[in-house]
Amino acid sequence: MRVALFITCVNDTLFPGTGQAVVTLLRRLGCDVEFPQAQTCCGQMHVNTGYPEEGRRLAGHFVDVFAGYDAVVAPSGSCAAMVREQYPRLARTTPARTAAPAGLLTGGSAPATAERDDSFARRVAETVPKVHDLSEFLVDVLGVTDVGAYFPHRVTYHPTCHSLRGLHLGDRPTRLLREVRGLELVPLPGAEECCGFGGTFAVKNPAVSAAMCADKVHNVASTGAEVLCAADNSCLMHIGGTLRRQRTGVRIMHLAEILASTEAAR
Amino acid sequence: MSGAGTFLGMPAFPHNAAAAVQDSQLRFNLRKATHTIRGKRAAVVGELPDWAELRRAGKEIKDHTLRHLDRYLLQLEEAVTAAGGHVHWASDAKEANRIVADLVKATGETSVVKVKSMATQEIGLNEALQEEGITAYETDLAELIVQLGDDWPSHILVPAIHRNRAEIREIFQEKMAEWGRAAPEELTDEPRALAEAARLHLRERFLSTKVAVSGANFMIAETGTLVVLESEGNGRMCLTLPETLISVVGVEKLLPTWRDLEVFLQLLPRSSTGERMNPYTSTWTGATEGQEFHLVLLDNGRTDVLADEVGRQALRCIRCSACLNVCPVYERAGGHAYGSVYPGPIGAILTPQLRGTASAIDASLPYASSLCGACFEACPVAIDIPEVLVHLRGKVRHARAERLGMRAAGWIFDRPSRLARVQRLGGRLRRFVPGRLPGPLSAWTDTREIPDIPAESFRDWWNRTDGGAR
Ligand code: SF4
């Protein structure tokens, strides 16, 4: 299967190890992984902060890059949710006069035609069903839960809001973790509560964000786990930053990194 | 919401919330109360196998009604009038207050008893009546606590949720005498004792007041019937004892038929108090014998909201407050931080639509959420609150610095080559990134470590190793 990796801008820039783990894992499971070089960002930050035009342009770029693949895999619940939930919305609400995608330098002033708008909506409709979060791809598309991983540590799992309520990942990630040899999965109290990241929310409402994260960190520490795992590095970065500031000694790891570890690799 | 005077001119949400987060008593009270209701709600919702269908039915009935609002409102007016009631139309808060004040004055009375109502709070009715020399007495227990304490409500259903028993005892003892029957000398903070003090205080009030003001949870177009759901019975006292009843109701509270009520009598109590059925459901149609009935239909921005394709779903709201009780932001910031009688997630989308986004507080409300989606999941009429928040964010004025930053980010993301260049620059400078960041980003480093910046981006690793093959 020809699988395109949508690494996401945050992973590409700050967490390359996650992307490398996804590549290792998918190859081990027999996939033909490609990395389309033209990819950048799904536009989540722009749309969610209130810049729908920029977001629409980035969405246009995204569907241009990924429309031709059999499957697109993203190791990020919130970016996958962005594509799946917001792209159809963006396509629906595309103003008749501004085209997507127009180049940035021309901005919204580019004269556009209804035909171009249609093509954006069409490519969104084509691309969106092929975009999967990693755990969804493994469980639903490849049909595996035992990926042959070995990770002898005590791990707790934070489901993250967009994975939970946007993608409805359900127990897919924990089913995968339970099959990892040596891994002890301990439940996280208050797991379904938001960690307070929310993209620009952490910057715009720092006090509330910090209070939410403090409670999350308290819950993580109470499990006695060595590793906090999630399927979204943005949330992990936020919680991990607080875990480190408080010197809890708990490490953060993306689901892909745990699933990629094997006895041989140690 | 021009009437809600003192709430306006409030500083923006982040500022209010930062102060509230420091108040550990408030956080404790809120956490305890919201988690209790949250648990009860989840349990009684879970026991209905057809909850999803009920929710869909609730959404569809409301959407249908809103689509034909003009028609159903006229039908309602006709039915109410035929049943001996009087219908008044108020386009804004000022007009509604004027109508109510004139109606009360015409009776020659100088006091009214009130059934808990969000609409009258929205228009600041109590304050407006005060200016005309009319005293409005709240009779809902929690509203009474707020009124006696000279406080603001902080929750739709439990306006005094931010207060604990000890605080309530103090308020009763200090203030009840000023407003009527004093609290007993030896008042304890036992819930029973507090309820009894309120009961005795209110009983005098019910028996001596000739005019009542209420809102309504629902209005039924085909029969002209108004419906109020409550738990204490004080509402029923107000609705039946006085000689004149004035109901101020938002135009969106309409349901086409009596049958539609069935859906909402299941959705509302389970979502709001976590009960299978609410203790008191009162319905009245027009004027009963010896009683005058007036219905004031309130617009106050609602028809403008209706014009917004995405935002209009906020008008489906049945004010159950389920979204408040599950909201992690509300739980920490408290209701007052939202600067409106509608706090929490619904307040964050409703208030800026009703009032516009010109003031600092209103412009900050669409950002008073981490978009975690818990509110949408809990909402019995499936209002996609995160969708409306994002939609409203697209409409508020952004600060110049933010605009420039977002444009710069967009410019970088526009070309993969630009992104790669920025990543390489970051990799080279990574040792120089300070632990504490300046400007608005300092908010991040106050409580968190920023992650280590890798020497090489994924993109560069892929190209250097041919995707790990070399
Ligand atoms: S938005 Fe939904 S959950 Fe919130 S108060 Fe209204 S009906 Fe209830």
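**Entry: ground rules**

I am reading a predicted model, where local features need pLDDT of at least 70 and side-chain atom pairs count only at pLDDT 80 or more, while totals for chains, interfaces and linings use all residues. Residues are numbered from 1 along each chain as its sequence is written, chains are lettered from A and ligands numbered from 1 in the order in which they are written, and side-chain values use heavy atoms, with hydrogens and water left out.

**Entry: where the chains meet**

I began with contacts, meaning heavy atoms within 4.5 Å. I found 65 residues of chain B in contact with 65 residues of chain A. Next I looked up buried area, the accessible area (1.4 Å probe) that two parts lose on being put together, summed over both. For chain B and chain A the figure is about 5500 Å², and carbon and sulfur atoms give 59% of that. On the chain B side, Met406(B), Phe413(B) and Phe458(B) lose the most area to chain A, together 14% of what that side buries.

**Entry: charges across the interface**

Side chains of opposite charge can pair when their charged atoms come close. I used the salt-bridge rule: a side-chain nitrogen of Lys or Arg within 4 Å of a carboxyl oxygen of Asp or Glu. The whole structure has 43 salt bridges over all chains, and the count between chain B and chain A is 11. I picked out Glu387(B) with Arg89(A), at 3.2 Å from N to O.

I also noted Glu193(A) with Arg38(B), at 3.4 Å from N to O. Why does this pair join two chains? Glu193(A) lies in the loop between β6 (184–186) and α10 (201–204) of chain A and Arg38(B) lies in helix α2 (residues 24–46) of chain B, so the pair joins two chains. Helices (H or I, at least four residues) and strands (E, at least two) are DSSP runs, numbered from the N terminus.

**Entry: polar contacts**

A polar contact is a pair of N or O atoms within 3.5 Å; within protein, one must be able to donate a hydrogen and the other to accept it, and residues adjacent in sequence count only if both atoms are side-chain atoms. Across the interface of chain B and chain A I counted 31 residue pairs in polar contact, both at pLDDT 80 or more. Which helix gives the most to the side of chain B that touches chain A? Helix α20 (residues 400–414) of chain B does, with nine residues.

**Entry: inside each chain**

Domain bounds here come from an automatic or database domain assignment. Chain A has domain 1 (2–136) and domain 2 (145–265), with C-alpha centres separated by 24 Å. Between these two domains of chain A, about 1900 Å² is buried, 64% of it from carbon and sulfur atoms. Phe15(A), Arg28(A) and Ser135(A) supply 25% of the area that domain 1 of chain A buries there, more than any other three residues.

Chain B is assigned domain 1 (48–300) and domain 2 (400–468), and their C-alpha centres lie 54 Å apart.

**Entry: the ligand**

Last, I checked which residues have a heavy atom within 4 Å of the ligand. There are 13, and the closest are Cys317(B), Cys320(B), Ser321(B), Cys323(B) and Cys379(B).
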